[in-house]
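Dear colleague,

Please find below the structure that I am handing over to you. The findings follow it, grouped by region, and I would be grateful if you read them with the structure open.

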Amino acid sequence: MKVEKISLNSYGNPTKAKASGGVKSVNNGAVNTPNFSGNIVQGDLVKDIQKLMPSTIKVTNRLADSMGEIQNILINAVGTGLVAPIFIKYNPLSKTDEDTRTYSAWRQPLSAVLAIATQASMVAPFNNLINWMANTGKLPDPYNKTNFQDDSYIAKIIKKTQPNISKEQLSIAVKKEQEKQYNELLENLRTKNTIFIKQHKAPSKQMDEASYKNLLVETVESMIKEDNKKLENCGTTKQKRAIRSEFFRKHNDYAKKVLNEIKTDTKKLGTIDEYKTYLSDKIKSLKSEQADKELIDMVKEIKARAQIKPHDENAEKALIEEMQNKISKMIKQVNTYTNVLSEEDVVKHVDESIKANKTALETSIKTLTEIKKDINSTNGTTIKEIEKKIAQKLKENKITDECSIKSSFAAKVVEKYKSNITGSLKGYKQFTGLVISLAVLPVSCYLLNWIYPLFMDALFPNLSNKKHDNEASALVAKAPKKEEV
């Protein structure tokens, strides 16, 4: 049998021996760091570009991901107050004198301060009002958060009934309430095939049939999309998989030792922040020991999941479980290559593994496509029936962990439901903030025109228009008068 030959030591930079238990580098930064929602074909290119970005650009990108109207106002204010004055003051194309340019430049910081004082100060209370209305059920269903209320809102409700509760007890009580809400959602989906939406000072109501059906379809479509991306990526990861597998073969005991240490240590941790701190320290420790970069990158892949900020207690538990699964999967991979003796065996094993993943993903996509048809059929289908069908497919086929049907379908529906409402609320806040900002703009302009001359007279009298007018009047008064004829 002819096995395709892959150069396992030519990917990235040349190999370099290191003093970490005889571990030898077979890769230099070529690891495809996984994303929590699945890898994409262009993922490697995106990551390479991101590595070249300055830290300021990376911070801006992170801000953009959670941009709201207040953040927009603040960023615009920073640009207006700090950046614009420099270009106005040192504009080589301007034909005005330096004093005039300086006078105009000082107008920008004051304008920025007034924008924050008027616009942001008005937007913030409205955002708080929207949050309160969403948590109490006063807003329409697409913005109703009564099934997964904010921890701050729950804490206020608990404090009203238990004013003497300690911080530790309050934190536990909030988490219990959020867990109760989550479990109720799952229970109603599985037993009653619906979502009950709480109303302000009114009985809860069922989500309307059309919205519920659309939610199920959106959930299935997102799962199909996730699997399709992974399926497309199957052909692009072969060489990287072979490189890592070769690393497992050559340095099996060392990799197994480090990963088992991580698994044992992390079992004692309870929060994402603790995971993040531990894994950061582990990476530093491996670097100080001059461990192989492939091994360090593996730990970074686990840490990548800890970088995701969880929305609530359930999301944090899911992330911790995801990290533990990732560690277990890596240990399983290491154990797989314990008795693999040659490079050809590695390539063969990788080919078989990719083929198995591809088959599993195709089965997952086919199953989800059938489920989508069932949902859209005249009689429809229930969550219970969907999960039963998925369980049967998992029993009949060898489905790998990469496939989306490996996860609880009801949990996926809850995740999609929360995501839809969070996205709707974000858009609602941005629209409301824009309207408020536009409404307050005339007031900001009026205040600027009134305050700015006073500000310049007080702090920069030599630049002030008023001062220049007084000096001009004095010069005119001193000028010799022509005799009347």
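**The strand pair**

In S2, lysine 205 is the bridge partner of isoleucine 197. Likewise, phenylalanine 196 has glutamine 206 as its bridge partner in S2. S1 and strand S2 (residues 202–206) run antiparallel and are joined by three bridges; two strands are taken to pair if DSSP finds at least two bridges between them. The two strands form a hairpin with two residues between them, and lysine 201 in the turn has a positive phi of about 55 degrees.

**Basis of the description**

This is a predicted model, in which local features need pLDDT of at least 70 and side-chain atom pairs count only at pLDDT 80 or more, while totals for chains, interfaces and linings use all residues. Residues are numbered from 1 along each chain as its sequence is written, and side-chain values use heavy atoms, with hydrogens and water left out.

**The chain as a whole**

The secondary structure of the protein chain comes to 16 helices and two strands. Helices (H or I, at least four residues) and strands (E, at least two) are DSSP runs, numbered from the N terminus. Of the 485 residues in the protein chain, 36% are buried; buried means under 20% relative accessible area, exposed over 50%, and partly exposed in between (1.4 Å probe, protein chains only). Among contacts in the protein chain between residues at least 6 apart in sequence, 71% join residues at least 24 apart, where contact means heavy atoms within 4.5 Å.

**Helices H5 and H6**

Two packed helices are described by the angle between their axes and the distance between the axes. For H5 and H6 the angle is about 115 degrees, and the axes are 9 Å apart. Axes are lines fitted to C-alpha atoms, for helices over the stretch in contact, and angles run from 0 to 180 degrees between N-to-C directions. The crossing of H5 with H6 is right-handed; a crossing is right-handed if the near helix is turned clockwise from the far one by less than a right angle, and left-handed if anticlockwise. On the H5 side, the contact is made by Asp151, Ile154, Ala155, Ile158 and Lys159, and on the H6 side by Leu170, Ala173, Val174, Glu177, Gln178 and Gln181. By class, this contact of H5 with H6 has six nonpolar, two polar and three charged residues. Ala, Val, Leu, Ile, Met, Phe, Trp, Tyr, Cys and Pro count as nonpolar, Asp, Glu, Lys and Arg as charged, and the others, Gly among them, as polar.

Isoleucine 154 lies in helix H5 and counts as buried because its relative accessibility is 4%. Not counting residues up to four places away in sequence, isoleucine 154 touches Gln149, Val174, Glu177, Gln178 and Gln181. Isoleucine 154 and valine 174 are 20 residues apart in sequence, and their C-alpha atoms are 6.1 Å apart.

Alanine 155 lies in helix H5 (residues 151–161) and is buried, with a relative accessible area of 13%. Leaving aside its neighbours within four places in sequence, alanine 155 is in contact with Leu170 and Val174. The C-alpha atoms of alanine 155 and leucine 170 are separated by 6.8 Å, although the two residues are 15 apart along the chain.

Asparagine 183 is found in helix H6 and counts as partly exposed, at 39% relative accessibility.

**Helices H9 and H11**

Helix H9 (residues 252–266) packs with H11 at an angle of about 25 degrees, and their axes are 11 Å apart. H9 is therefore roughly parallel to H11; angles under 35 degrees count as roughly parallel, over 145 as roughly antiparallel, 65 to 115 as roughly perpendicular and the rest as oblique. The crossing of H9 and H11 is right-handed. H9 contributes Tyr254, Ala255, Val258, Leu259 and Ile262 to the contact, and H11 contributes Leu295, Met298 and Val299. By class, the contact of H9 with H11 has eight nonpolar, no polar and no charged residues.

**Positive phi in two loops**

Most residues other than glycine have a negative phi. Asparagine 193 has a positive phi of about 55 degrees although it is not a glycine, and it lies in the loop between helix H6 (167–191) and strand S1 (196–199). Glutamine 290, also not a glycine, has a positive phi near 60 degrees. Glutamine 290 is found in the loop between helix H10 (272–288) and helix H11 (293–306), and at 49% relative accessibility it counts as partly exposed.
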